[in-house]
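Let's take a friendly walk through this model, starting with the ligand and moving on to the annotated positions.

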Amino acid sequence: MTKKRVHVAVGVIMQQRKIFVSKRSEHQHQGGLWEFPGGKVELGESVTDALKRELQEEVNIVTHKSQPFMLIEHDYGDKQVCLDIHLVTDFSGEAKGLEGQQCQWVEVDKLHTLDFPAANQGIVTKLQAEF
Ligand SMILES: Nc1nc2c([nH]c(=O)n2[C@H]2C[C@H](O)[C@@H](COP(=O)(O)OP(=O)(O)OP(=O)(O)O)O2)c(=O)[nH]1
Ligand SMILES: [Mg+2]
């Protein structure tokens, strides 16, 4: 059986050494864990466009500037993900959860204290090494 493989645009929204994270709802894949907002890249859509669309839909911000940060391939067993992670360095609007999800700004130094999906370990390590 071929496993589902999804390409996900993920945004690390950073402002003054703090990063905006949201909690995945219990019924979602990897539910109840913290995440960097984002979602699936749709057919025919660029990663940048997907990122912009997802961040607007999920956390209310309009992305003005983003740059590629890292790419992570991870196999959860039931699902294979390719996380296309981008740093969002310029945006407008107040970041807040538009889908009822819990959200918070967290200091880079404290990221490791939150529970993230396994695929995110590398992101946390790289962010703490670089910022
Ligand atoms: N957005 C996001 N997804 C992550 C992270 N880490 C991680 O393993 N994932 C996985 C969980 C999901 O399997 C997948 C993202 O799918 P999603 O549920 O956000 O997709 P979506 O926003 O398009 O939502 P939907 O179509 O399912 O309603 O990537 C992360 O930091 N952020
Ligand atoms: Mg999403």
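This is a predicted model: local features need pLDDT of at least 70, side-chain atom pairs count only at pLDDT 80 or more; totals for chains, interfaces and linings use all residues.

## Around the ligand

Strands here are DSSP runs of at least two residues, numbered from the N terminus.

Which residues come nearest to ligand 1? Of the 19 residues around the ligand, these are Glu35, Gly38, Gly39, Lys40 and Pro117. Sorted by class, the shell around ligand 1 holds nine nonpolar, six polar and four charged residues.

## The annotated binding site

UniProt, in an unreviewed entry, places the feature "binding site" at Gly38 and Glu58. These positions are spread over 21 residues of sequence, yet they cluster in space, with a largest C-alpha distance of 7.6 Å.

Gly38 sits in strand S4, which covers residues 38-40. Is Gly38 buried or exposed? Gly38 counts as buried because it has 25 C-beta neighbours inside 10 Å, and the cut-off for a buried residue is 20 or more. Setting aside neighbours within four places in sequence, Gly38 is in contact with Val8, Ala9, Val10, Gly11, Leu51 and Glu54. Gly38 is also one of the residues that come nearest to ligand 1.

Glu58, for its part, belongs to helix H1, residues 47-59. Glu58 has 21 C-beta neighbours inside 10 Å, so it counts as buried. Not counting residues up to four places away in sequence, Glu58 touches Pro37, Leu98 and Glu99.

## The annotated domain

An unreviewed UniProt entry gives the annotation "domain: Nudix hydrolase" to residues 3-130. Over residues 3-130, the chain is 18% helix and 42% strand. The end C-alpha atoms of that stretch are 34 Å apart.

Helix H2 spans residues 121-130, and Gln121 is found in it.

## Confidence

The model scores ipTM 0.96 and pTM 0.96.

Technical notes:
Residues are numbered from 1 along each chain as its sequence is written. Chains are lettered from A and ligands numbered from 1 in the order in which they are written. UniProt positions are given in the numbering used here, feature names are shortened, and annotations may be inferred rather than shown by experiment. Helices (H or I, at least four residues) and strands (E, at least two) are DSSP runs, numbered from the N terminus. A residue is buried if 20 or more other C-beta atoms lie within 10 Å of its own, exposed if 12 or fewer, and partly exposed in between; C-beta atoms are placed from the backbone. Two residues are in contact if their C-beta atoms, placed from the backbone, lie within 7 Å. A residue is near a molecule or strand if its C-beta atom, placed from the backbone, lies within 6 Å of it. Ala, Val, Leu, Ile, Met, Phe, Trp, Tyr, Cys and Pro count as nonpolar, Asp, Glu, Lys and Arg as charged, and the others, Gly among them, as polar.
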